[in-house]
Amino acid sequence: MTGVPRSYSADSRAPADAIWSLLSRPSRWPEWAPHIRGAWALGSPEVRRGRCGAARVLWLIPVPVVISAKTPGRSWTWRVGPMDLEHSVEPLGSGSRITMTLSAPGPVEPVLAATYGPIIALLVRRLARVAGAAPAT
């Protein structure tokens with residue numbers, strides 16, 4: 001049994017490649033996801049499909065993750081516990097749309113959507129803001 005995927009999106013004035021750099025490079029995650037204080041074995045400089053590693057959450061807790069899919073420049077997905085979380089960016093006019101989609105087994109999905117969903121929504125908006133405020137490189 002699978003749940004209904006939940007997507008959270010925000011638009012940014014930043015181009016897709018600027019957002020992709022923030023989204024796909026573990027060394028840059030703390031710039032927009034302050035609860036993530038590091039990651040290892042997920043790929044460098046970008047996440048790589050098939051890599052198993054961990055993300056350090058709240059300065060202390062290592063959370064095991066697997067990068068399960070990647071479309072370079074557009075999206076990547078990781079499995080965190082029972083949840084898959086896809087991170088994607090698409091060009092949109094003069095900016096971009098960032099979307100994170102949460103998928104989990106049927107009985108787990110509504111609980112994750114209720115508890116972690118608001119955090120994902122906040123992170124997507126923060127990423128859009130951080131990327132839009134960064135100077136062009």
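Modeller: Start with the order of elements, which from the N terminus on is β-α-β-β-β-β-β-β-α-α. Helices (H or I, at least four residues) and strands (E, at least two) are DSSP runs, numbered from the N terminus. The protein has 3 helices and 7 strands. This is a predicted model, in which local features need pLDDT of at least 70 and side-chain atom pairs count only at pLDDT 80 or more, while totals for chains, interfaces and linings use all residues. Residues are numbered from 1 along each chain as its sequence is written, and side-chain values use heavy atoms, with hydrogens and water left out.

Biologist: How many of the residues of helix 1 are buried?

Modeller: Buried means under 20% relative accessible area, exposed over 50%, and partly exposed in between (1.4 Å probe, protein chains only). In helix 1 (residues 16-24), 7 of the 9 residues are buried, so this helix is largely enclosed by the rest of the structure. Among them are I19, W20, L22 and L23. Their cover includes strand 1 (6-12), strand 7 (95-103) and helix 3, where contact means heavy atoms within 4.5 Å. By comparison, I119 in helix 3 is partly exposed, with a relative accessible area of 37%.

Biologist: Which residues lie nearest the centre of the largest pocket?

Modeller: Rolling a probe the size of a water molecule over the atoms shows where empty space is left. On a 1 Å grid over the protein atoms alone, a pocket is an open set of points where a 1.4 Å probe fits, with protein on both sides within 12 Å along at least five of seven lines; lining residues have an atom within 4 Å of a point. The largest pocket has 24 lining residues, and H35, W78, V80, M83 and Y116 lie nearest its centre. Elements that give two or more residues to this lining include strand 5 (75-80), strand 6 (83-92) and helix 3 (117-133).

Biologist: How many residues of that lining are nonpolar, polar and charged?

Modeller: The lining has 21 nonpolar residues, 3 polar and no charged. Ala, Val, Leu, Ile, Met, Phe, Trp, Tyr, Cys and Pro count as nonpolar, Asp, Glu, Lys and Arg as charged, and the others, Gly among them, as polar.
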